[in-house]
Amino acid sequence: MVNLHTQVKFFSTLATILWCVSFTFAQTNTYWQQEVDYNIEVTLDDNKHELQGVINISYVNNSPDTLQYLYFHLWPNAYKNINTAFAKQQVENGEIDFRFSNRVDQGYIDGLDFLVNNLPAQFIPDSTHIDYGVLKLNNPLYPGGKLTIKTPFRVKIPESYSRLGHVEQSYQITQWYPKPAVYDKTGWHPMPYLDQGEFYSEFGTFNVKITLPANYVVGASGDLKTTSESLWLDSLSNGSTKAWQEQSFPESSKQTKTLHYELKNAHDFAWFADKRFKVKKDQALLANGDTVVCWAMYTSDTKKGVWNSAAQYVANAIEHYSKYLGYYPYKVATAVEGALSAGGGMEYPTITIVGSATNKKQLETITVHEVGHFWLYGILGTNERRYPWMDEGINSFYENLYFEDRYPNQTLLNMPGADKILDLGWAKRAYQSQLLYLYSATRNEDQALGLTSEDFTALNYGAIVYAKGAVAMKYLRGYLGDSIYDVAMHRYFDEWKFKHPQPEDLQQVLETSTGKNLGWFFDEVINTDKRLDYAITKARKHPDYSQYYEIQVTNKGGINAPYSIAALNADGKVIKTIWYNGAAKDTTVLFPVGEYLNFRIDAHMDMPEYNRANDTYRTKGLMHKVEPVRFQFLGSLDNPYKSQLFIAPAIAWNNYDKTMVGIALYNHLLPNKKLEYELVPMIGTASVQFTGTGKMAYNWLPKGNKIKRVTLSIAGQRFSHLLKPEVLTWSRLVPTLHFDFKPKTPRNVNSFALNMRSVNIWQDYYYNKEVVKSRYYVNEVVVEYNHRSTLNPFGAEVGIRQANTFAVAFAEAKFKIHYLKAKESINIRFFAGGFLFDNKNPSYINPPNPVLQLSGSGGNGSDKLTMFQRDYMFDHYYLDRNGLDQVFAQQIVTKDGGFRSRTIVGDTKKFLSSLTADITAPSKIPVKLFAGMAGFIDGSNEFNFAAELGLAVVVIPDLFEINFPLLTTDNIKQNQETGLGLSKFYQKITFTLNIRQMDPLALIRNMKLL
């Protein structure tokens, strides 16, 4: 029996717990947000490039919590030194201008003296990030309580390195005032300023007064309340008052003016000032009868042809987003031209800056995108740092929709002639989002869309956040249906405008509005890097139901999500489209019969489909899944609906084949393919020999976190290396297995690779007046490490080569150290190599002649010694491989010892180590100082030393340099003069020509899209 008192106590306690749980549940599900109102008075000193201001903040605690402190952002301090989060991220993303900025060009905020409710309060900077800290409250701020905060402040405006900045007297004043961090249901959100990664701020009202010289034209957030300024802007826009006509800055007026702006229901305030601004004005008319005044401000007259429609672009965008999301709630919208180092444009409530636009198409694109952020950032105030896709991804979708509506026939190039020639008419403008996503995914470098902004690589911030985000929303709209989706997004806007929606809030609204379970979208499309890849494996008329086709579909991807199948007629027109629920593996679906030529998955390109080559199935013919062949001149993007063969003329030259002409046949440009090939057959005009190159590669992209890519390839070359007395050729065939390993995190700059290859050589050489044919192999295994930091990158490799008569081990390390300015560096290279064994009979002259070389020069200048190819693996491209020509023989390649002097001193079958360096000259002088020193063991087992010092003229960076060795050790000098016959200074001049850098296919594969 249970004691009655115990029972009463138990049930009383249980009731209390349940009440607390229910109260807590109710509290956590009742939305609240803080209210922050600002009164700011600020003065611009355009001589010192400073702001002096006073800010008064009213802070209302609408949370259920008692606050003892407030976090405050001081974002101008991001520019204070090179140790801030902003500065470090800049370097990680390849931008080093700020890293090498002068102290006078950096920026900060100071002069703070906080009063809370008119009493002094302590501000404690964060121990890690100087651009935010804690303001301790003198008394607790209880739920529903209100307090006032006041402080003076001074901002030293930096040069334009990101968003806040100036270029001479053109000012971009953004993220400029002390600002409370957001406190929401998950707690405080203090964040350092970042260039890649945006913001999260509290809503409230802004009253801002700006004092500055009277001849500045200002564009700012909110409504201009200064009547005289409004009249002046009107006069500038209609031409009744002349704007400044020169590109140089006029002298600042000695008189000042104070401009008053007001903005309600906003979470930020920005302004831009330039004495050279020209002004355009237009008006947007919304369906609810509201009108919005639209402004454009730009600088030079030379850009008038581009910017004269800018205000209309603003108005068009306002009308577009009002139609698809919800009515624009403000009275004004402005686009300004200005210096911006953080992308092409940047948005703030009611105003956006456009950093660069060279033509009208580009200007309209940037303007529409940034105006769209007035909704997706300005009105729907998500935490952009945490969920950047809810800002950039959704907005990019509506940007694409704008152009689909306004220019329905616009293609990716939007050049009818080029579209036809390059076979790009099928690629509509919105395909750019698919292309950027696939560029990353086909390299196995893509990331989950739902990550924080800091987690993305610089490439993926564009390719995933913007591009895949846009495709994902297009996918959702295609699945739900346009009208259903649009109604749901209107509901989302109405419920969450001027609030802080999170992904779960968007999901809840969409599911409630549509009645669909969208877990597949938010859980997998957004929050994983799994890929969508459906394939049609078979289609036939159903054996039992004659009114249907039976279509077999295989899910080759990792996402069980809806997909569409369309039926197309002989003209390629879509006759009917049906959406089906996702399938985990193989499934069979029914499709009504009709006169169809093709069935195609995602014919409208709504889905982020990874491999479209398996999406089509022809109803007639023998090869149902093989696309028709298209021969394409030069090349194009991968057309998923054609079997492409690209064709281009090929031309090359060396001193033996002379001019070679031929044709290049290949199947790939962008994005990457699993199977890639290129074949370049040519004919030498002097040798009258078949020459050329070829390569075929198959790429695996393994799942998991260890290996990024495995490539199995086979490559071949054939060229001549002697013309007289007979034409002699060399050929090689190189099978290679290459492993690229994934770094620990995508932003990690450390990478490893393993390369294994077998170099098979067929070489003709002339001996005792006879042509001798030799064949040999060299196997090689190399482990590669790269530290791909922007500052001071480092790379190293360790390897071993083996043939039937020898084995050699080697190691190489490269360092690049930046100094003074961004483009000036010291490049250091270390090499060491030694033979493990060499069993070749010295009297046996048949190739190869494996040696370690101090200098990467070509042959010995004798047609009698063509068997002694110093580049015995034929890895490098020489204009004159045997060194017979006085000019072309002076080519040097960087290998082994890496010396730039032409010499055979240091050729060894024992051991060689070297240390070489070059240093770029300050400023833009195209000259390098180079130096090298080396130690080696010669054939007599004696240790020798060599060194060189000289200047190199940089004709084309990383491609073509001319080397002037000025000082060398005596052994090099004597060898040049007595052994090689190089007695004149001009004969000792060498050049480097990195012909591999000129491979157009390699340039395209490795180019940076973002």
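1. Ser774 sits in strand β40 (residues 770-787). Strands here are DSSP runs of E of at least two residues, helices are runs of H or I of at least four, and both are numbered from the N terminus. The model is predicted: local features need pLDDT of at least 70, side-chain atom pairs count only at pLDDT 80 or more, and totals for chains, interfaces and linings use all residues. Residues are numbered from 1 along each chain as its sequence is written, and side-chain values use heavy atoms, with hydrogens and water left out.

2. Is Ser774 buried or exposed? Ser774 is buried, at 5% relative accessible area. (Buried means under 20%, exposed over 50%, partly exposed in between, with a 1.4 Å probe and protein chains only.) Beyond its neighbours within four places in sequence, Ser774 contacts Ile761, Trp762, Gln763, Tyr765, Asn846 and Pro847. Contact means heavy atoms within 4.5 Å.

3. Now a helix residue. Gln508 lies in α13 (residues 503-514). Gln508 is partly exposed, with a relative accessible area of 42%. From Val487, Gln508 is 21 residues away in sequence and 14 Å away in space, C-alpha to C-alpha.

4. Look next at β46 (residues 927-937) and β47 (residues 943-956). They run antiparallel and are joined by 11 bridges. Two strands pair if DSSP finds at least two bridges between them. Ala931 has Leu949 in β47 as its bridge partner. Five residues lie between the strands of this hairpin, and Asn941 there takes a positive phi near 60°.

5. β47 also runs antiparallel to β48 (residues 960-968), with eight bridges. Ala952 is bridged to Asn963 in β48. This hairpin has three residues between its strands, and Asp958 takes a positive phi near 65°.

6. Another sheet is open and has four strands, in the order β10-β11-β19-β16, with antiparallel pairing. β16 pairs with β19 (residues 271-274) over four bridges. Ala220 stands opposite Trp271 in β19.

7. Last, the second largest pocket. Its lining has 35 residues, and Trp426, Lys428, Ala603, Met605 and Tyr641 lie nearest its centre. (On a 1 Å grid over the protein atoms alone, a pocket is an open set of points with protein on both sides within 12 Å along at least five of seven lines; lining residues have an atom within 4 Å of a point.) α8 (388-406), α10 (431-441), α11 (458-480) and β30 (598-601) each supply at least two lining residues.

Terms used:
On a 1 Å grid over the protein atoms alone, a cavity is a set of points where a 1.4 Å probe fits but cannot get out, and a pocket is an open set with protein on both sides within 12 Å along at least five of seven lines; lining residues have an atom within 4 Å of a point.
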